[in-house]
Amino acid sequence: MDPTMLLQVAGLVSGIHVVTLVLHLIIPVRPTPGYACDNTTGEVLQYRNNGTLVLLATSLLWAVAGPSHFLYQNYAAAALCSCVFGMIFSIWMMLRPCRVDKKSRCLTTDGAADRRKWNATAEEAKAWDDKWMAEVFWEGREWNPRAGGVDLKMWLYLCGAIMLQINVMSALFEHARGRTGSCTDVGIGIPVCWGYVSNAAITTAGCLLWFVAEYLHFERVPPFIL
């Protein structure tokens, strides 16, 4: 792979993650109580369920200012960069100071009232201490890691959905560009070329868009489901 192109792709992939994080933090939303609880305090964790709005904002940004089909044309490099970033993030999660959760399951609302369930039993603690390092790396050290007020699990969910949506948009633009040969190389050309997108491509993209939108909109599990 060309090093210059690889750096461009790495900057693009990391930029999408950063923009997703910023939008997740600045788009106002009423906190939603979840079913997971803090293992230390027993408090119900609050979540920022603004994924649908973040999806809409990032899609508009990509359509107007994104590098159109660049991500599609460099899919292998983007996948490689994503894997590398994932490993770096996982290593950071492994090394960062935190309170290690040795319980065999996350504390949830159905058990928060019983303080005996907040901490690991002797058997659970021993089972944890007997784990290989590779097991700890794979399973993680925290049930609900947070940093700077951000629930990292929810942010990664959101990043995955946004990356899928942007890949679909990039593929659609390349599809239209290949059928016409006259589309511009910026995202704003997508509506102009819309008539040249095949019904099969529209159907496929529509199904994936529905999956992402439905997934983010209903990212909520009310306590009464437990």
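**Trp118**

I looked up Trp118 first: is it buried or exposed? Trp118 counts as buried, because its relative accessibility is 11%. The classes I use are buried for under 20% relative accessible area, exposed for over 50%, and partly exposed in between, with a 1.4 Å probe and protein chains only. Trp118 sits in the loop between α4 and α5. I also checked its distance to Asp101, which is 17 residues away along the chain. Their C-alpha atoms are separated by 9.9 Å.

**Ground rules**

The model is predicted, so I note that local features need pLDDT of at least 70 and side-chain atom pairs count only at pLDDT 80 or more, while totals for chains, interfaces and linings use all residues. Residues are numbered from 1 along each chain as its sequence is written, and side-chain values use heavy atoms, with hydrogens and water left out.

**Whole chain**

I went through the elements next. There are nine helices and four strands in the chain. Both are DSSP runs numbered from the N terminus, helices being H or I with at least four residues and strands E with at least two. Read from the N terminus, the order is α-β-β-α-α-α-α-α-β-β-α-α-α. The chain has 226 residues, and 37% of them count as buried.

**Thr108**

I went back to the loop between α4 (75-95) and α5 (122-129), where Thr108 also has its place. Thr108 has a relative accessible area of 8%, so it is buried.

**Salt bridges**

I found eight salt bridges in the structure. The criterion is a side-chain nitrogen of Lys or Arg within 4 Å of a carboxyl oxygen of Asp or Glu. I looked at some of them in turn.

Arg96 pairs with Glu142, and the closest N and O atoms are 3.1 Å apart. Arg96 lies in the loop between α4 and α5, and Glu142 in the loop between α6 (133-139) and β3 (146-147), so this pair ties together parts that are 46 residues apart in sequence. Both Arg96 and Glu142 are buried.

Asp110 pairs with Arg105, with 3.8 Å between the closest N and O atoms. Asp110 is exposed, because its relative accessibility is 52%. Arg105 has a relative accessible area of 42%, so it is partly exposed.

Which residue does Arg146 meet in a salt bridge? Its partner is Asp151, at 3.2 Å from N to O. Arg146 counts as partly exposed, because its relative accessibility is 28%. Asp151 is buried, because its relative accessible area is 6%. I also note a network of salt bridges that links Arg146, Asp151 and Lys153.

I then turned to helix packing. Two packed helices are described by the angle between their axes and the distance between the axes. Axes are lines fitted to C-alpha atoms, for helices over the stretch in contact, and angles run from 0 to 180 degrees between N-to-C directions.

α1 and helix α2 (residues 51-65) pack at about 135°, with 10 Å between their axes. α1 is therefore oblique to α2. The cut-offs are under 35 degrees for roughly parallel, over 145 for roughly antiparallel, 65 to 115 for roughly perpendicular, and oblique for the rest. The α1 and α2 crossing is right-handed. Right-handed means that the near helix is turned clockwise from the far one by less than a right angle, and left-handed means anticlockwise.

α1 and α4 pack at about 60°, with axes 9 Å apart. These two are therefore oblique to each other. Here, too, I note a right-handed crossing.

**Surface patch**

I finished with Val22, in helix α1 (residues 3-26). Val22 is partly exposed, because its relative accessibility is 40%. Val18, Val22, Leu25 and Ile26 form a nonpolar surface patch of about 350 Å² accessible area together. Patch members have over 30% relative accessible area and no salt bridge; like charges are joined within 9 Å, and nonpolar side chains (Val, Leu, Ile, Met, Phe, Trp, Tyr) within 5 Å. Areas come from the Shrake-Rupley method with a 1.4 Å probe, and for residues only the protein chains shown count as cover.
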